Amino acid sequence: MRVLAAMSGGVDSAVAAARAADAGHDVTGVHLALARNPQTYRSGARGCCTLEDARDARRAADVIGIPFYVWDMADRFHEDVVDDFVAEYAAGRTPNPCLRCNEKIKFAAVLDRAVALGFDAVVTGHHARLGADGLLRRSVDLAKDQSYVLAVLRRDQLDRSMFPLGDTTKAQVRVEAAERGLAVAEKPDSHDICFIADGDTRRFLAERLGEAPGDIVDARTGAVLGAHSGAYAYTVGQRRGLALREPAPDGRPRYVLSITPVTNTVTVGSAEMLDVSDVTADRPVWTGGPPPEGPIECEVQLRAHGEVVPATVELTGGRMLAALRRPARGVAAGQALVAYRPDPAGDIVLGSATIGSRD
């Protein structure tokens, strides 16, 4: 097969490309230039999508012995990921930019271009598995599993995807990279959000949305407990940085329960008030078989690296509804609801949707 290997400049994508070449595929490496101004993106060991990463990717391609190109996707990335990130926060939601990048860039814009150029599939270094049955499963390395951020992919996109690292732990990937002579073998993983250079999300959003002072109110009494300069700086479940004027009567911490852009209000309350039993999610994508005709028993994950909760899930009226068997906390609109079916060969991704409301 003729395959395109997306090479980020990290160890995972380099080893994935090498494995694809070893498997006999005709592999071409490509690095995505995603920054309009690379100097504004993270650099150094914690980088992602920087000039340093492009150089690391090129060196890895040379060692593997495959052709290498750089594709400029900066404008598309800015529109579909960065602008979306800002708009979601402005709307009181908490987006996952890595999920959106997979959906809109790596497995849409890149895959579409690859197919147009005659490639059969795209190879990435994601830690997830695609079985012989074509179903997306968790990685054997649960600590590094990325099936959550891939669950947004459609069936036709998964059919043209390859994830060679799903059966390997991250430690084993690093050992293999060193044995292959890849200089990125010990390169640290990237962290946080690649397009926020200093990691200060609040400042990044304030520069784009401006200050918008409002009230922080108590969920039970409606009393004003403090003020904020922009509701976009808060997310559901947040405890720190609230600067409330007075402690709770019982002396226990308060948490952000909701953000309401219409009134520019941040509502806070006790930890127990974070409990959610029912979740409604929009824009469902179902890839784990035929869409269910009625409620099914499965497990759901409600945020990246979040706990897995048993639930009854059904698709109705273009939405995914999840009735949780036990309450979950920190459920934020804008995150993904991913449904899994436990399986001895690895939990199978059934489908996903974007969380819109919770009760």
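Modeller: Keep in mind that this is a predicted model. Let us start with one side chain. At 42% relative accessibility, Arg-208 counts as partly exposed.

Colleague: Which side chain does Arg-208 meet in a salt bridge, and at what N to O distance?

Modeller: A salt bridge needs a side-chain nitrogen of Lys or Arg within 4 Å of a carboxyl oxygen of Asp or Glu. Glu-207 is exposed, with a relative accessible area of 53%. The side chain of Arg-208 meets that of Glu-207, and the N to O distance is 3.5 Å.

Colleague: How many salt bridges are there by this rule?

Modeller: Side chains of opposite charge can pair when their charged atoms come close. The protein has 42 positive and 48 negative charges. By the rule, the salt bridges come to 30.

Colleague: How far apart in sequence are the parts that Lys-170 and Asp-12 tie together?

Modeller: Lys-170 and Asp-12 form a salt bridge, with their closest N and O atoms 3.1 Å apart. Lys-170 lies in helix 7 and Asp-12 in helix 1, so the pair ties together parts of the chain. Both residues are buried. The separation in sequence is 158 residues.

Colleague: What separates Arg-76 and Asp-80 along helix 3?

Modeller: These two form a salt bridge as well: the closest N and O atoms of Arg-76 and Asp-80 are 2.5 Å apart. Arg-76 is partly exposed at 36% relative accessibility, whereas Asp-80 is buried at 19%. Both sit in helix 3 (residues 74-90), four residues apart, so the separation is about one helical turn.

Colleague: Is Glu-103 buried or exposed?

Modeller: Glu-103 is found in helix 4, which covers residues 97-116. Beyond its sequence neighbours up to four places away, Glu-103 touches Ala-108, Val-152, Leu-153, Gln-157 and Arg-283. Buried means under 20% relative accessible area. Glu-103 has 15%, so the word is buried.

Colleague: Now the whole protein. What radius of gyration does the protein have, next to that of a compact globule?

Modeller: The secondary structure comes to eight helices and 17 strands. Along its principal axes, the C-alpha trace spans about 65 × 50 × 35 Å. A compact globule of 359 residues would have a radius near 21 Å, and the protein agrees, with 21 Å.

Colleague: What share of the residues counts as buried?

Modeller: The accessible surface comes to about 15900 Å². Carbon and sulfur atoms hold 49% of that surface. Of the 359 residues, the buried share is 51%.

Methods. Residues numbered from 1 in each chain as written. Predicted model: local features only at pLDDT ≥ 70, side-chain atom pairs only at ≥ 80, totals over all residues. Heavy atoms only, no water. Helix = DSSP H or I, 4+ residues; strand = E, 2+ residues; numbered from the N terminus. Rg over C-alpha atoms; globule rule 2.2 N^0.38 Å. Buried < 20%, exposed > 50% of the residue type's maximum accessible area, 1.4 Å probe, protein only. Areas by Shrake-Rupley, 256 points an atom, 1.4 Å probe, with all protein chains shown as cover. Lys, Arg positive; Asp, Glu negative; His and termini not counted. Charge placed at Lys NZ, Arg CZ, Asp CG, Glu CD. Contact = heavy atoms within 4.5 Å.
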